Amino acid sequence: MKTVRALLPSAWASLALLQACAQVTGETADAGLPTGPVVSSIEPAPGAVAASASFRVTFSAPMDASLLLLQPKRSDCVVLVAEANVELVAAALNHGKLTSSLVALLVDTAAEVSKDESQITLKPKAPLAGGGYFVVVASRVKDAQGRRMPGEGARFGFTVARPPAEPRLDSPLAGWAAPLNLSRARVAFPDGPPDGPITLVERDGGIVAGPELSDGGPVLLDIRAARAGCGPLCPGAGYAVAVGGVQVEAATFQASSCTRSSELRWLAGGPALQAGDTWLHIAAELDWPALVHLDARPVGQSTARVASADVLVRCAPASCGSADGGSPCTLEGKLEELSAGASYLLTLSAEDDEGGRSAPLQLGFQTLGALAKAQISEVMASPPPPVPRSNGEYIEIFNAGSAPLDPARLAIAGPDDRVRPLSSAPSSPLAPGHRLLAVGAAFEPDRYTLPSDVVLLRADTQKLLGRGVADQPPAIRLLWLPESDGGSPIELDRFPGDGPNCAEGESLERDDSSDAGVTFRCGSLGGSPGSAAPPATPP
């Protein structure tokens, strides 16, 4: 690895001086122009460093500290960055302040400038993980005389040794008292490939499973009895995962004094399902560690996508029938790449490592529509008494689609274009043909006779849209929020505003019968919140 490298190597010939850690004085160059400051040394020397290393950059002259420190304890001209991001950060560093997304790529460090302002020290706030790093110095830095660094700045490469890959016992969990008839052990390597073959050994005896090799993926070890009379574990014996013949203390467990003979069971309550448009989240609880297979198949829709996954439930329940201790065996699974607006049948089946199987469970569910077909169906802008009448304002939203929709992804916007989500917490899907009411925090439902199943989504302001909708309501947009940050809301529907002048207590109700498209008419006295509007009375 080159320990010092300019961003544009042809731009300055002084790199040889940098690599030799020579002092550069800043005298007048041969061409008669003043030279700028350069990095005269860096500590530690580029190359291999400890995970706890700090980095001190020394310049050939006192520097302008206001450029070295963006704010106390932070620099955006001298930074530490992982090797994978160095090209992106270095290219941007010379052209001004880094964006927030680029700052997020930097190693979090505290920066300190020396009293004579000729040195800056970067101290990482946490030990460095194994891998390559660079200290990058921007060409924007200047000395106290206002002279910039020549060329395109500098970078210095370092490496932190990666620790040996440690195995992780996924089943049985480390420290657990496993049943004597345990037939296999599951081992994972979250930090990368191990350095040798993997075996399961009795702490005071021989190999009971393996050897197996791994490229970093999980390993399944089939256990065989190491001693006569054991089946296959020996009561009270200790076991360890060994890598390359070396036992790993963090990957050990004990054998209990009993066997597991009962059937694998789902605990009371059954699985809980939460569906999105293309995903399903599953939560359930078992009585024992197990590998659970999830399979979702479409019902009556040949074009919908099938999805399946295996989820390992890691836990350490109380052994030998004890009611004390242990940890819950909780399934948290997710199926993705489902089809939006489709009906599915979910099958869950589980198998433990003692040969037990659960009875399969089958549950139906429906994914949400890819884009909700929601409408503003009624606006109560002039509620009936008592006062304050603004406490009776509401906007009714109707699910006009064929699939449930997620109310948490609905928002409204008024004349100020501020996007106001209708709900900040998860809520039950709104079924096709059903309605909900968007209301202010001060809304008084007792003013109306509401259906028992109508959902009220209260805003975080006392009045709708902050100031209420007023007797002559403004244009109101109904929006569909993106699932993740970075996307833009999509407009689903719009109340045009400036509707007819209605009597006090009458709502504005949607009318799709006009040849001119969607209009709003004066509705019945007291409105019809949560219910279909009565048909229009002929003139």
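In this predicted model, C320 is partly exposed, with a relative accessible area of 43%; partly exposed covers the range between buried (under 20% relative accessible area) and exposed (over 50%), taken with a 1.4 Å probe on protein chains only. C320 sits in the loop that links β21 (307-313) to β22 (329-335), where strands are DSSP runs of E with at least two residues, numbered from the N terminus. Setting aside residues up to four places away in sequence, C320 touches S256, S257 and C258, contact being heavy atoms within 4.5 Å. The C-alpha atoms of C320 and A178 are 9.2 Å apart, although 142 residues separate the two in sequence.

E202, by contrast, counts as buried, at 6% relative accessibility. This residue belongs to strand β13 (residues 198-202). Beyond its neighbours within four places in sequence, E202 is in contact with V208, A226, R227, A237, G238, Y239 and Q247.

Turning to the interior, a nonpolar core is a set of buried Ala, Val, Leu, Ile, Met, Phe, Trp, Tyr and Cys residues joined through side-chain atoms within 4.5 Å. The largest such core has 55 residues, and L200, L233, Y239, L286 and L331 touch the most other members. Apart from it lies another core, of 37 residues, which includes V39, V81, L102 and I120. For L331, the residues touched, not counting those up to four places away in sequence, are W266, I282, A283, A284, V292, L294, V311, V313 and L348.

Residues are numbered from 1 along each chain as its sequence is written, and side-chain values use heavy atoms, leaving out hydrogens and water. Local features need pLDDT of at least 70 and side-chain atom pairs count only at pLDDT 80 or more, while totals for chains, interfaces and linings use all residues.

How values were computed: Helices (H or I, at least four residues) and strands (E, at least two) are DSSP runs, numbered from the N terminus.
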